[in-house]
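Here is a note for a colleague who is meeting this structure for the first time. Please keep the view open while reading.

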Amino acid sequence: MSGKKFGFFDFTKEGKGIKKEDYVEDKPFTFITFFKTFGRNFWNFSSLNILYLLINIPVFFGLYALSGNLNFDSPIPSNQYFPQLFGMMNINENPILQLHFSRIGQQAEISVFTTVTYVFFAITLLSIFTFGISNCGMAHILRSYTRKDPVFLWSDFFDCIKSNWKQAIPMGIVDILIAAVSIFVFNFWRSYPIQGIFYDIAFYLSFFVLVVYFFMRFYMYTLLITFDLSIFKILKNSFIFALLGIKRNFVALIGIALVLLINFCIFIMFMPLGIILPFVITISLCSFIAVYCTYPVIKKVMIDPYYAEAVSDNHLSSDDDEPIFEDRG
């Protein structure tokens, strides 16, 4: 049965939708509504997952380069005294030196990068231009499902990118840099050889920063497509929401960890399916968990107060008044 019949690769197909009465009766932002939304739109989530990976296809060049399939193996001495012994053998080869050479003259092989490997790594750098825009497009689609807005996957995804790419690209670069630095600092203190209270504090502090930034990423791209804010203010507000919405953030973290654990267990028990799932549904599902859990915090703190203030001041009574809140998505 072809993938097109299931809607895997037909991104222009919008689907038959759902019954209006069922959609209206769903209570927003509840546990049950989450599974209803995911079940109704499973194939769209799958298409979104594939579309996201296709835009970020330069990453796969780097992953293939890291696999070592493009490298060549080069022999290398496995003992530090090999050069001295080899020199002595060239000057005067005798049975004693031959005996020592048989013990410490063994060689190993190392994998050396080739020109093609470096070319693949260079292609991977293109992902700094695709990472931000793909996250914006995904955030817009998932926010629409969360708010129960009508979704036209293909057009909505690329219209969002078209509207926000000027800010999405630098946001993606900043996102990659901050994430890389946070992980590097955490690994540095985790493997630091000296023990002591200062290094313990540095380790736990770096771990705290890593977790907080992980929570910040739940909000960054949703704020970017929803409000007209600078990158600095997006990061600032994301940091505030990472602390303010701590309960929902941990719920999202548990949900994402559970999905990844299930994916890993499937990979252990049935490897082919475990490898396929991240390409088909895992990424979009984890992202939907993050948006679904955290968007209510944004709505409560930043969106609802503006509408309430507008109503109280009768700003919505005239069509000539400029709206206080404008959806950029």
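1. **Ground rules.** This is a predicted model, in which local features need pLDDT of at least 70 and side-chain atom pairs count only at pLDDT 80 or more, while totals for chains, interfaces and linings use all residues. Residues are numbered from 1 along each chain as its sequence is written, and side-chain values use heavy atoms, with hydrogens and water left out.

2. **The chain as a whole.** The chain has 14 helices and two strands. Both are DSSP runs, numbered from the N terminus: helices are H or I with at least four residues, strands are E with at least two. Of the 329 residues in the chain, 38% are buried. Buried means under 20% relative accessible area, exposed means over 50%, and partly exposed lies in between (1.4 Å probe, protein chains only). Now take the contacts between residues at least 6 apart in sequence: 76% of them join residues at least 24 apart. A contact means heavy atoms within 4.5 Å.

3. **α9 against α10.** Helix α9 spans residues 127-147 and helix α10 spans residues 153-190. Their axes come within 5 Å and cross at roughly 130°. Axes are lines fitted to C-alpha atoms, for helices over the stretch in contact, and angles run from 0 to 180 degrees between N-to-C directions. The two helices are therefore oblique to each other. On this scale, angles under 35 degrees are roughly parallel, over 145 roughly antiparallel, 65 to 115 roughly perpendicular, and the rest oblique. The crossing of α9 and α10 is right-handed.

4. By class, the contact of α9 with α10 has 16 nonpolar, five polar and two charged residues. Ala, Val, Leu, Ile, Met, Phe, Trp, Tyr, Cys and Pro count as nonpolar; Asp, Glu, Lys and Arg count as charged; the others, Gly among them, count as polar.

5. Is K148 buried or exposed? K148 counts as buried because its relative accessibility is 19%.

6. **α11 against α12.** The axes of α11 and helix α12 (residues 231-244) come within 8 Å and cross at roughly 125°. That makes α11 oblique to α12. The crossing is right-handed. Residues of α11 including F215, Y219 and L223 belong to a set that meets one in α12 including L235, F239 and F241. The contact of α11 with α12 has 12 nonpolar, two polar and no charged residues.

7. **α11 against α13.** α11 and α13 pack at an angle of about 95°, with their axes 10 Å apart. That makes α11 roughly perpendicular to α13. F214, F215, F218 and Y219 in α11 meet I246, N249, F250, A252, L253 and I256 in α13. The residues here divide into nine nonpolar, one polar and no charged.

8. S206 is in helix α11 (residues 197-226). S206 counts as buried because its relative accessibility is 7%. A polar atom of the S206 side chain lies 2.6 Å from the backbone oxygen of F203. Leaving aside neighbours within four places in sequence, S206 is in contact with V185, F186 and W189. N263 is found in helix α13 (residues 246-269). N263 is also buried, with a relative accessible area of 9%. With neighbours within four places in sequence left aside, N263 is in contact with G274, L277, P278 and T282.

9. P75 is in strand β1 (residues 72-77). At 56% relative accessibility, P75 counts as exposed. The C-alpha atoms of P75 and I110 are separated by 6.4 Å, at 35 residues apart along the chain. P28 is found in the loop between α2 (20-25) and α3 (31-40). P28 is partly exposed, with a relative accessible area of 47%. The C-alpha atoms of P28 and R147 are separated by 7.3 Å, at 119 residues apart along the chain.

Methods: Polar contact = N/O pair within 3.5 Å; in protein donor to acceptor, adjacent residues only side chain to side chain. Left-handed = near helix turned anticlockwise from the far one by under 90°.
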